[in-house]
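Subject: Structure handover

Hello,

I am passing on the structure we discussed.

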Amino acid sequence: MDVLLAVSTYISKMVSTPSAIKVLLLDSHTTPFVSLATTQSELLAQQVYLTDRIDNAKRDRMPHLKCVCFLGTSEESLAAITTELEEPKYGEYYLYFSNVLTKRTIERLAEADSYEVVHEVQEFFADYAPILPALFSLNHVPSTTQPLYGSSSSSWNQEALTRSAQGLMAILLSLKKKPIIRYEKMSAMARKLGSEVQHLMKSNEALFDFRPTQVPPLLLIIDRLNDPVTPLLTQWTYQAMVHELLGIINGRVDLSSVPDIRPELKEITLLPQSDPFFATHLNDNFGDLGASVQNFVKDYQSKTQSQSSIETIADMKRFIEEFPEFRKLSGNVSKHVALVGELSRLVGRDKLLDASEVEQGLAGSGGGHANDLKAVQTLIAANDIPPLNKLRLAILYALRYQKNSSNAITSVTNSLLQNGVSEQEAKLVNIVLNVAGADQRQDDLFSNENIFSRGKSALKGLKGVENVYTQHSPHLMDTLELLLKGRLREASYPFLDPATASTGLGGAGAGTQGLGQRPQDVIIFMVGGTTYEEARAITRLNQELASQAGGSATRVLLGGTCVHNSSSFLHQLSSAPFPPSYTMPPPETASNPTTSAERPALAVQLGNINVSVGGAAGTGVYRTASTGEGISLQADGIRDGVKDLWGKMRQGVERLG
């Protein structure tokens, strides 16, 4: 399941015919897909003389050339190609579209081809951005003009839904997969997208006529809002760090604002398929990266010295043969030295080490409410911490301690306003709590709701931690761990088609059969965007699975509506057309009373049933909005640890007596 290979194969097939000098025409939709999957050298090898945009009205008429067009299926692209065919600039046209064409669209193309210059029309399903072999994006970075959400955080913008469903169908067709679909139960958007994809699969059944496998592939659709923490954290691995601090857009990084940057380095490409150093070190942490760049420079210097001694004809011949590669190496060295130097400057300027340590504590096991609050307030008050980083700290604190009766979310928000954060930005604290707070999330993100999850969190902190700045593990990996063990419960991640549940494929749960049949191919799609931190975790998981099981290993592919950094994630929420009530603090719930008198003496949570003794709501049995599994125990003033938990339970029973 290599999406880079899938798209590059499509492109090679496109430009291999006809075998003559040709022009490649793209649109705004397909240009980034092609740039990520192939290089100019590879196109030249296939006799592509010129690459241009179909919306460029200044193109010259060259009837002696053939033209290969690779276009999206939007109305804008179809209008551009029909206009082109009505007054053709080239002798022959070979049309390729990135998704399924309707019968009416084909008739429209035929009507426009009055000069009969079209020799071929095909559908090549490269309708997504292949960023890494196991990572793809639909390149939908939401804005006010292209929102992801509808009128609430649980509804789609219709155009975004259509684009996401078409992109997912293209992924499935390009990889030749006909999966069963599961989704996050509390995400209405995940369910809606799954239904749309299933409808497209049934409507295009002939296209999905692939050879069946013993265990069908699995498409798991999850929601970014179930884990708002991961995109808010400072990153410390090369690719993720560049994206967080500088931004990677379709494999390009803008360095024009870097002090004293050389003109040729103001915009650089950063693609693993064309940059061996980046391919090798994109997941290295920042400490190891410095040593790797130093060795890279030393290797370049040694080659420079060997090129300086040209004394014979043989030396001259060798120099000419190696010169192109030498120039490429020189450019690569300059690029990575400049990039790592700028990352180092930003780390020092913005005090990222200090901020990241607090972030990791809030996202992980935590240092206790009092300590965490003090650390957050200290950094918010610091003059050398950028406003965005202060905002991220405040949101992480609010998410972590939303259900803590002594939280100081209002005080922290007010502190933001007093220390350089605008009122509009500070409202994001409440927006995040309203769309991704404890009552909206499906899972126990901070592992602090009950004794069992707290124990798991403590054990998790003892293994696989490289350093304090990279100890966070995305929540996605917990979900995948359960899936691969056959323990991902159907109650939390139901099958879209209930008939598939009886097979027990891809998971287990009460009433399902076949506990442990896990799919060989898993495609995870994250509504609302994924991150490079999650992509790195998937890459490492795939390597681990391959080393354990060889050719029969489970393969995991990750994708999302876009690939976020913290800025784009927050912009996605701030630009959404949510009602004004989302900027207000979320209402208190029965599970989060404000005073000890209002809290129940004892509460036992069984699934979505709450048994409460005492408190403002009174003694009784209540149905809650929670969909958590198992039994959780809550009592007045619970602190981490088994001893205190049982002590409070005993006090509650005594008071009841």
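Predicted model: local features only at pLDDT ≥ 70, side-chain atom pairs only at ≥ 80, totals over all residues.

Overall: the protein has 657 residues, and 51% of them count as buried. Its secondary structure comes to 23 helices and 19 strands. Taking contacts between residues at least 6 apart in sequence, 76% join residues at least 24 apart.

Helix pair: helix 13 covers residues 369-381 and helix 14 covers residues 387-401; their axes are 9 Å apart and the packing angle is about 160 degrees. Because angles over 145 degrees count as roughly antiparallel, helix 13 is put in that class relative to helix 14. The crossing of the two helices is left-handed. On the helix 13 side, the residues in contact are His369, Asp372, Leu373, Val376, Leu379 and Ile380, and they meet Lys390, Leu393, Ala394, Tyr397 and Tyr401 of helix 14. Sorted by class, this contact has 8 nonpolar residues, 1 polar and 2 charged.

A polar atom of the Ser203 side chain lies 2.8 Å from the backbone oxygen of His199. That distance falls within the 3.5 Å cut-off for a polar contact.

Regards

Key. Residues numbered from 1 in each chain as written. Heavy atoms only, no water. Polar contact = N/O pair within 3.5 Å; in protein donor to acceptor, adjacent residues only side chain to side chain. Axes fitted to C-alpha atoms, helices over the stretch in contact; angles between N-to-C directions. Helix = DSSP H or I, 4+ residues; strand = E, 2+ residues; numbered from the N terminus. Parallel < 35°, antiparallel > 145°, perpendicular 65-115°, else oblique. Left-handed = near helix turned anticlockwise from the far one by under 90°. Contact = heavy atoms within 4.5 Å. Nonpolar A, V, L, I, M, F, W, Y, C, P; charged D, E, K, R; others polar. Buried < 20%, exposed > 50% of the residue type's maximum accessible area, 1.4 Å probe, protein only.
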